[in-house]
Amino acid sequence: MVSKTRASVDDDALTAIHIREHTEPPAGIKGGFRLSLVSGQWWWSPGVFELHGFDPAARPPARPSTRLLLARRHPADRGAFIAAWRHLLTDGGVAAIRYRIIGIDGRVRPVFVMAYLDEITGRGPRFVTGMMQSEDAGGAPTEPRSLPQQNVDPPA
């Protein structure tokens, strides 16, 4: 049996960790996105533009699109990204993946992305909604500023 004093110390330590984890802002840039499966139109928050190397204060910094999203993936991560995307669209649920974005500013940013299908009752999935967050404080400008053109069809 755990003594009352020992249990309260453990509870206090756990509470302190919980408060720290849920009140300290996470490192890196974060943002949200939404894709209409009906129209193909994307919406990106300012953070998603920033993760892709755009100045979020510029209006509009770029037009979000599936082509732009795929073009900015690190070439070594593109296959896993497309596989996760197709799995989400086929099986539903939640997709979570880590990959790298090569921003138009030349910075490589490792990101964590979670997305899910938004369904309207009786009408099936209508949107993909998600969030992404960089896993570093900005990335290093070690990659080239432009990527070789690749013919990648957007996931259906």
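Residues are numbered from 1 along each chain as its sequence is written, and side-chain values use heavy atoms, without hydrogens or water. Because the model is predicted, local features need pLDDT of at least 70 and side-chain atom pairs count only at pLDDT 80 or more, whereas totals for chains, interfaces and linings use all residues.

Visitor: Is strand β1 mostly covered or mostly uncovered, and how many of its residues are buried?
Guide: Strands are DSSP runs of E with at least two residues, while helices are runs of H or I with at least four, both numbered from the N terminus. Buried means under 20% relative accessible area, exposed means over 50%, and partly exposed lies in between (1.4 Å probe, protein chains only). Strand β1 spans residues 30-36 and is mostly covered, the number of buried residues being five of seven.

Visitor: Which residue of β5 stands opposite Leu35?
Guide: Two strands pair if DSSP finds at least two bridges between them. β1 and strand β5 (residues 124-134) run antiparallel and are joined by seven bridges. Within β5, the residue opposite Leu35 is Val128.

Visitor: Which residue in the turn between β1 and β2 has a positive phi?
Guide: Strand β2 (residues 42-44) pairs with β1 in the antiparallel sense over three bridges, and Phe33 stands opposite Trp44 in β2. The two strands form a hairpin with five residues between them. The turn residue with a positive phi, of about 80 degrees, is Gly40.

Visitor: How many residues apart are Arg34 and Asp118?
Guide: A salt bridge is a side-chain nitrogen of Lys or Arg within 4 Å of a carboxyl oxygen of Asp or Glu. The side chains of Arg34 and Asp118 meet in such a bridge, at 2.4 Å from N to O. This pair links distant parts of the chain, with Arg34 in strand β1 and Asp118 in strand β4, and the separation is 84 residues.

Visitor: What is the distance between the closest N and O atoms of Arg98 and Glu135?
Guide: Arg98 is exposed, with a relative accessible area of 57%, whereas Glu135 is partly exposed at 37%. These two side chains form a salt bridge, and the distance between their closest N and O atoms is 2.5 Å.

Visitor: Which residue forms a salt bridge with Asp105?
Guide: Asp105 is partly exposed, at 24% relative accessibility. The side chains meet at 2.7 Å from N to O, and the partner is Arg109.

Visitor: What is the accessible area of the nonpolar patch that includes Met114?
Guide: Patches are made of residues with over 30% relative accessible area and no salt bridge; like charges are joined within 9 Å, and nonpolar side chains (Val, Leu, Ile, Met, Phe, Trp, Tyr) within 5 Å. Accessible areas come from the Shrake-Rupley method with a 1.4 Å probe, and for residues only the protein chains shown count as cover. Met114, in strand β4 (residues 108-120), is partly exposed at 34% relative accessibility. Together with Val94, Tyr116 and Met131 it forms a surface patch with an accessible area of about 340 Å².

Visitor: Which residue's backbone oxygen does the side chain of Thr90 reach?
Guide: Thr90 lies in helix α4 (residues 78-91) and counts as exposed at 62% relative accessibility. Its side chain comes to 2.8 Å from a backbone oxygen, that of Arg86.

Technical notes. A polar contact is a pair of N or O atoms within 3.5 Å; within protein, one must be able to donate a hydrogen and the other to accept it, and residues adjacent in sequence count only if both atoms are side-chain atoms.
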